[in-house]
Amino acid sequence: MALLEVKSLNVCYNGIQALWDVSFSVEAGTITALVGSNSSGKSTTMNTVAGLLKPASGSILFQGEAVTTLNAYQRVEKGICLVPEGRRIFPHLTVKENLEIGSYVRRCRKHMRYSLEWVYELFPRLKERNNQAAGTLSGGEQQMLAIGRGLMSEPTLLMLDEPSIGLAPVIVNLLFDLIVGINSKGVTILMVEQNLQKTLEIAQKVYVLETGKIVVEGRGEELLCCDDIKKAYLGM
Amino acid sequence: MDAIAQVVLAGLIMGGVYALIALGLNLIYGTMRLLNVAHGELIMFGAFAAYWMYTINQLSPLFSLLLVAVGSALFGIFIFFCLFNPLLKRSQSQDMMAANSLLIFFALSIIMQNIAVFFWGANLRSYTYMSKVIHLAGVPVTANRLLSFAIGVVLCLGCYLLIQKTLVGKAIRAVIQDRECCKLMGINVNKIYIISFAISFAMAGVAGVLLSMYYVFSPFMGLPYTVIAFIVVILGGMGNVGGSLLAGFILGLVSSVGTALTSPGLESVISYLIFILVVLFKPKGIFGKGF
């Protein structure tokens, strides 16, 4: 049984249908990626799985349990956490306060201190900036903080929406290493990315979205080898 | 020298009440982006409740303070569930929500004023409680004002610590900064709204009790306090809860010194002048946006 199963999702956004019959699954322990051109419905898919958008029809199963009707905050309690596009850190809270908010859900409050140590170990830079307002961090540091904040909720499924956007190439490499590292610790990852080369390299399963429909699915390496698909859908 | 000390003390005492009022107004504005124009009427209800309990049941205002705090908080929660929860569910956009909520708050203020007139009449009222004069380092001040100041400061500090140090307080500040994202952090944003309503209403009620100990009050006393709360909120930065605490004391001091130098009749002129200056030169408040 897959960790996350999305079945024939139809989502309307501002009165326009954004997703058409989208179905996909995420196996436990893998890195799964959604790719596609701009406005192909990747972020809409992520926001719907996280619970920010309500689907017109279709269902979302997490660990075999339907979560379609749950609110976003209840899904965090279940272990689904989305690190949103554009980082969305709380700029006037300190780095530490941002992380504490990450483990707000009841399930995680008791382990807050251990989670903090874990995240600081993963991102030593955040520990150095502990008491600094998060808005004063650099772009790369803010992305680390956003991911660290997501990890504070001890997610089973960590969703990353465009984590590398706006980051310097050196930092992007670092980021992808980190994602693989987090995944190797047992956190399943579902990500949306612009950086196709790197994403196809690390993802076990890739779904290609086009105008709100899934048009191709396959293993990352497969897609990387298949020139037709790369040309037709990914512009590579 | 004594005169100066007296003016400063009067300013601080007024400032404590201003801070309390503005803090509540700013909390609802910050978390929900809604402006409670019925805030002054909550103060008026607090004052009448204290008057009523003191004159009829001989309950000390110190005790009715607790009752009013709890009652106001419950009233806030009631109002939230009856009026704002349905509105939140139905509103398509924040603009619609803000416009409709303004109507609701206006209606609330009118209804509350008329209830007060209906039950208690439109006369000015007051009562005497702890009106003994104390000499504080040579400066004469009535005991009730001093008590009101102490309670105001303690409550302001308590609120500040709650918002700065506790996890719920951090969640409140997070909601002020980015509501949508808070949902992704597992925060039940509706619960934060309810807490804001409860604290805000309780603070207004308590401020009413404190004022009633040494001021005259009537069913129409609310509006000037709503306006003062607006000015303090603008001064300290909208959504900046800590800022409105400090700004409350600043406004209290400035208007106290200002009226001493000119005339008591100019009090509201001075407040509005400060308001205009802040909007002109520091539209984001004197403390900016650090919350």
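Where does B:Arg33 lie in chain B?

**View 1. The loop residue B:Arg33.** B:Arg33 lies in the loop between helix 1 and helix 2 of chain B. Helices (H or I, at least four residues) and strands (E, at least two) are DSSP runs, numbered from the N terminus. B:Arg33 is not a glycine, yet its phi is positive, about 60°. B:Arg33 counts as partly exposed because it has 16 C-beta neighbours inside 10 Å. The cut-offs are these: buried means 20 or more other C-beta atoms within 10 Å of a residue's own, exposed means 12 or fewer, and partly exposed is in between, with C-beta atoms placed from the backbone.

This is a predicted model: local features need pLDDT of at least 70, side-chain atom pairs count only at pLDDT 80 or more, and totals for chains, interfaces and linings use all residues. Residues are numbered from 1 along each chain as its sequence is written, while chains are lettered from A and ligands numbered from 1 in the order in which they are written.

**View 2. Helix 9 of chain B.** Helix 9 covers residues 222-236 of chain B. Twelve of its 15 residues are buried, so helix 9 of chain B is largely enclosed by the rest of the structure. Among the buried residues are B:Tyr225, B:Phe230 and B:Leu235. The cover includes helix 1 (2-32), helix 4 (94-120) and helix 10 (241-261) of chain B. At 1.5 Å a residue, helix 9 of chain B should span 21 Å (the expected span is 1.5 Å times one less than the number of residues). Its end C-alpha atoms are 21 Å apart, which agrees. B:Gly237 follows helix 9 of chain B, with a positive phi near 100°.

**View 3. The open sheet of chain A.** Four strands of chain A form an open sheet in the order 2-1-4-5, with antiparallel pairing. Strands pair if DSSP finds at least two bridges between them. The edge strands, strand 2 (16-26) and strand 5 (65-66) of chain A, each pair on one side only. Seven bridges join strand 1 (residues 4-13) to strand 2 of chain A. In strand 2, A:Phe24 is the bridge partner of A:Val6.

**View 4. A:Ser8 in strand 1 of chain A.** A:Ser8 sits in strand 1 of chain A. A:Ser8 is not a glycine, but its phi is positive, about 30°. With 13 C-beta neighbours inside 10 Å, A:Ser8 counts as partly exposed.

**View 5. The contact of chains A and B.** The contact takes 20 residues from chain A and 18 residues from chain B. Residues are in contact if their C-beta atoms, placed from the backbone, lie within 7 Å. Helix 2 (72-78) and helix 3 (95-102) of chain A each supply at least two residues of the chain A side.

Terms used: Two residues are in contact if their C-beta atoms, placed from the backbone, lie within 7 Å.
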